[in-house]
Amino acid sequence: MIVYHGSNKIVKNPDISFSKPFLDFGKGFYVTDFQKQAEKWASRKAMRYGGEGFVNSFEMQDDLSAYKVLKFENEDENWLEFVCECRRGSENYKNYDIIAGKVANDDVFKTVNMYFQGFWDKQRALEELRYSKAN
């Protein structure tokens, strides 16, 4: 499978040292199988940090049985709690080699943030997430 990483740098080998903490799935190297999504991230990174946008591609093996994988099929209660824990600084993401699932786009980020800051209860956030499209 080909996966993509949008950046303002050419990345030859995945490296988490450049990752910021408090991201949806913790500090890590984020990739997508949607090239257009990586193109958007590359443009954002170039605008934010300068330079040119690059879409880096990597061949990812299909058989992941040798890795500890956490996969979120939907933006459900488990996804919401995991994302909020990571945003609080929990290092629970370190229990896994690969975390797969959707990350919050701007709309989903607002919903998660309302729950994260205590303005909405879990039920309200989950209802809103049903109508939002994550990435």
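Predicted model: local features only at pLDDT ≥ 70, side-chain atom pairs only at ≥ 80, totals over all residues.
**Overall build**
- Along the principal axes, the C-alpha trace spans about 40 × 40 × 25 Å.
- Read along the sequence, the elements follow the pattern β-α-β-β-α-β-α-α.
- Buried residues make up 33% of the 135 residues.
- The accessible surface comes to about 9000 Å². Carbon and sulfur atoms hold 50% of that surface.
- Take the contacts in the chain with a separation of 6 or more: 75% of them join residues 24 or more positions apart.

**Strands E1 and E2**
- Strand E1 covers residues 2-7. Five of its six residues are buried, so the strand is mostly covered.
- E1 pairs with strand E2, which covers residues 54-59. The pairing is antiparallel and runs over six bridges.
- Val-3 stands opposite Phe-58 of E2.

**The largest nonpolar core**
- In soluble globular proteins, nonpolar side chains tend to be buried together.
- In this chain, the largest nonpolar core has 17 residues.
- Phe-25, Phe-72, Trp-79, Leu-80, Phe-82, Val-112 and Leu-129 have the most contacts inside this core.
- Three helices each supply at least two of the core residues: H2, H3 (106-116) and H4 (122-130).
- H2 gives the largest share of the core, with six residues.
- Phe-25 also has contacts beyond its neighbours within four places in sequence. Among them are Phe-72, Trp-79, Phe-82, Val-83 and Cys-86. Others include Tyr-30, Tyr-93, Ile-99 and Val-103.

**Cys-86 in helix H2**
- Cys-86 is found in helix H2, which covers residues 77-87.
- Is Cys-86 buried or exposed? Its relative accessibility is 1%, so Cys-86 counts as buried; the cut-off for buried is under 20%.
- Gly-26 lies 60 residues from Cys-86 along the chain, yet their C-alpha atoms are separated by 5.1 Å.

**Asn-92 in a loop**
- Asn-92 is in the loop between H2 and strand E4 (98-100).
- Asn-92 counts as buried because its relative accessibility is 14%.
- Which residues does Asn-92 contact, leaving aside its neighbours within four places in sequence? They are Phe-82, Glu-85 and Cys-86.
- The side chains of Asn-92 and Glu-85 are joined by a polar contact of 2.6 Å.
- Glu-81 is eleven residues from Asn-92 along the chain, and their C-alpha atoms are separated by 11 Å.

**Gln-37 in helix H1**
- Gln-37 has its place in helix H1, which covers residues 35-49.
- Gln-37 has a relative accessible area of 14%, so this residue is buried.
- The side chain of Gln-37 makes a polar contact of 2.6 Å with the side chain of Thr-32.

How values were computed
Residues numbered from 1 in each chain as written. Heavy atoms only, no water. Helix = DSSP H or I, 4+ residues; strand = E, 2+ residues; numbered from the N terminus. Buried < 20%, exposed > 50% of the residue type's maximum accessible area, 1.4 Å probe, protein only. Core = buried A, V, L, I, M, F, W, Y, C linked by side-chain atoms within 4.5 Å. Contact = heavy atoms within 4.5 Å. Polar contact = N/O pair within 3.5 Å; in protein donor to acceptor, adjacent residues only side chain to side chain. Areas by Shrake-Rupley, 256 points an atom, 1.4 Å probe, with all protein chains shown as cover. Pairing = 2+ DSSP bridges.
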